[in-house]
Amino acid sequence: MAGKKTARVPRAAYEQELLRLQTELVKLQEWVRAEGARLVIVFEGRDAAGKGSTIKRVAEHLNPRQARIVALPKPTERERTQWYFQRYVEHLPAAGEIVLFDRSWYNRAGVEHVMGFCTKEEHQLFLRQCPIFERMLVEEGILLRKYWFSVSDAVQQERFRRRMKDPTRRWKLSPMDLESITRWEAYSRAKDEMLVHTDISEAPWFVVESDDKRRARLNMMAHLLGSVSYYEIPPPVLELPPRPPSTGYERPPRDLQTYVPDHAASL
């Protein structure tokens, strides 16, 4: 698939399949809850590779009490003195939960290494410890899925341009994102080295071609669903109870409360 030009997924077909996959994700979540399973999904890739929009679609219809997105800020001074994996461990799921990591412990293999935020020794230690850490998660029974979103340099640059012009998405663009343009090859080498050390049989990497965001979302979601042997949990039978007769309650006068102005009426 890499390097091949593929037709853009038509919007109607995309939306129909997206809804079908999201419905299956709800079934997957119910299975996770009923079985007491623990599912961790790691989303990694270059800036503007489409990770965030995919995470949004994955989580859109899930119960936020059981599925949460973890996007950690830069570590505090205290966290910098901890074992590197420590602050991620506390966000791992308990029974019946799904955790989606919007970037993860792999920060050390990418941005920290390329931008000089960690030492060479810390980077090499990470590459040695990460496979051990992930094997421990899998041995513990955690379902671990890792997705790398791959975007071309031309598409990344175009997405950066659009973000600069869009006031609703400008917050997604930081000076460090722009710096990644000048360090494209350094990030490529860092990614290649990361895959050599951490693409293990117990927790393999799955690469998502993401120049076409619609295609990337559908492909990632379909792969995730196909990688877990879940089954549909029959929903409980619910019936609306009859509304009881009035006991004389009267609503207070509307002028005693402050209402939001009807802005919509001005459109």
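Me: What covers the buried residues of H9?

Reply: The cover includes helix H5 (111-114), helix H6 (120-139), strand E4 (143-150), helix H8 (175-182) and strand E5 (205-209). Contact here means heavy atoms within 4.5 Å. Helices (H or I, at least four residues) and strands (E, at least two) are DSSP runs, numbered from the N terminus. This is a predicted model, in which local features need pLDDT of at least 70 and side-chain atom pairs count only at pLDDT 80 or more, while totals for chains, interfaces and linings use all residues. Residues are numbered from 1 along each chain as its sequence is written, and side-chain values use heavy atoms, with hydrogens and water left out.

Me: How do you know what span to expect of helix H9, and what span does H9 reach?

Reply: The expected span of a helix is 1.5 Å times one less than its number of residues. Helix H9 (residues 184-198) has 15 residues, and the distance from its first C-alpha to its last is 21 Å, close to the expected 21 Å.

Me: Which residues of H9 are called buried, and why are they said to line one face?

Reply: Tyr187, Ser188, Ala190, Met194 and Thr198 are the buried residues of H9. Down the axis of H9, these residues fall within an arc of 165°, so they line one face of the helix; the arc is that of the directions from the helix axis to the C-beta atoms. Buried means under 20% relative accessible area, exposed over 50%, and partly exposed in between (1.4 Å probe, protein chains only). Glu185, Arg189 and Val196 are exposed residues on the face of H9 turned away from the buried side.

Me: What makes cysteine 118 and cysteine 130 count as buried?

Reply: Cysteine 118 has 11% relative accessibility and therefore counts as buried. Cysteine 130, at 0%, also counts as buried.

Me: Where is alanine 48, and is alanine 48 buried or exposed?

Reply: Alanine 48 is placed in the loop between strand E1 (38-45) and helix H2 (51-59). Although not a glycine, alanine 48 has a positive phi of about 65°. Its relative accessibility is 6%, so alanine 48 counts as buried.

Me: Why is arginine 103 called partly exposed?

Reply: The relative accessible area of arginine 103 is 25%, so this residue is partly exposed. Arginine 103 lies in the loop between strand E3 (97-102) and H5, and its phi is near 70°, a positive value in a residue other than glycine.
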